[in-house]
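Take a moment with the sequence and the model. The paragraphs below walk through them step by step.

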Amino acid sequence: MELMNELLDFIHGHLYKHIVLIAVCITMTIIAMTIDLITGIQKAKQRGEATTSTGLKKTATKARKYFTPFFTLCCIDILCSVVIPLPAFSMLWTAYCIFCEFISVREKSW
């Protein structure tokens, strides 16, 4: 019984914070990708270009490129939750993805 209480304390103490921060990282990445998609559509309309499914599929490809390594890093963060109090790898990957999206939006604005 005591082992079960220790396990529940561990899950509540460490993994809960990890799961919340990972959810925040996913949300921030999706928001950044949505902003990039919207600015891309607006720029295409300004240029008079058609917004085809081919252009929109690039967003899905980008999501796959972002989230495949992200979920791998999430698993590593969960395994390292005993040692590292935050999901550091997931947070660093999210920062990289948001930076890439920022550069993409900035390029479209020029």
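In which helix is Ser90 found? Ser90 sits in helix 3, which covers residues 88-109. Keep in mind that this is a predicted model.

Is Ser90 buried or exposed? Its relative accessible area is 0%. Buried means under 20%, so Ser90 counts as buried. Now look at what surrounds this serine. Leaving out residues up to four places away in sequence, Ser90 touches Ile22, Cys25, Phe70, Leu73, Cys74 and Asp77.

Helix 2 runs over residues 53-79, which makes 27 residues. How far apart are its end C-alpha atoms? They lie 39 Å apart. At 1.5 Å a residue, the helix should span 39 Å, so the two values agree.

Helix 2 has a partner in helix 1, residues 2-47. Two packed helices are described by the angle between their axes and the distance between the axes. Here the axes of helix 1 and helix 2 come within 11 Å. They cross at roughly 165 degrees. Angles over 145 degrees count as roughly antiparallel, and helix 1 and helix 2 are therefore roughly antiparallel to each other. Their crossing is right-handed.

Which residues make this contact? Helix 1 brings Leu15, His18, Ile22, Cys25, Ile26, Thr29, Ile30, Met33, Asp36, Leu37 and Ile41. Helix 2 meets them with Leu56, Thr59, Lys62, Ala63, Tyr66, Phe67, Phe70, Phe71, Cys74, Asp77 and Ile78. By type, the residues of this contact divide into 16 nonpolar, 3 polar and 3 charged.

Phe67 lies in helix 2. With a relative accessible area of 14%, Phe67 is buried. Leaving out residues up to four places away in sequence, Phe67 touches Ile26, Thr29, Ile30 and Met33. Its C-alpha atom is separated by 28 Å from that of Lys45, which is 22 residues away along the chain.

Ile30, one of the residues that Phe67 touches, has its place in helix 1. Is Ile30 buried or partly exposed? Its relative accessibility is 42%, so Ile30 counts as partly exposed. Ile30 and Phe10 are 20 residues apart in sequence. In space, they are 30 Å apart, C-alpha to C-alpha.

End with Leu7, also placed in helix 1. Leu7 counts as partly exposed, at 45% relative accessibility. Leu7 and Thr39 are 32 residues apart along the chain. Their C-alpha atoms are separated by 47 Å.

Terms used: Residues numbered from 1 in each chain as written. Predicted model: local features only at pLDDT ≥ 70, side-chain atom pairs only at ≥ 80, totals over all residues. Heavy atoms only, no water. Helix = DSSP H or I, 4+ residues; strand = E, 2+ residues; numbered from the N terminus. Expected span 1.5 Å × (residues − 1). Axes fitted to C-alpha atoms, helices over the stretch in contact; angles between N-to-C directions. Parallel < 35°, antiparallel > 145°, perpendicular 65-115°, else oblique. Left-handed = near helix turned anticlockwise from the far one by under 90°. Contact = heavy atoms within 4.5 Å. Nonpolar A, V, L, I, M, F, W, Y, C, P; charged D, E, K, R; others polar. Buried < 20%, exposed > 50% of the residue type's maximum accessible area, 1.4 Å probe, protein only.
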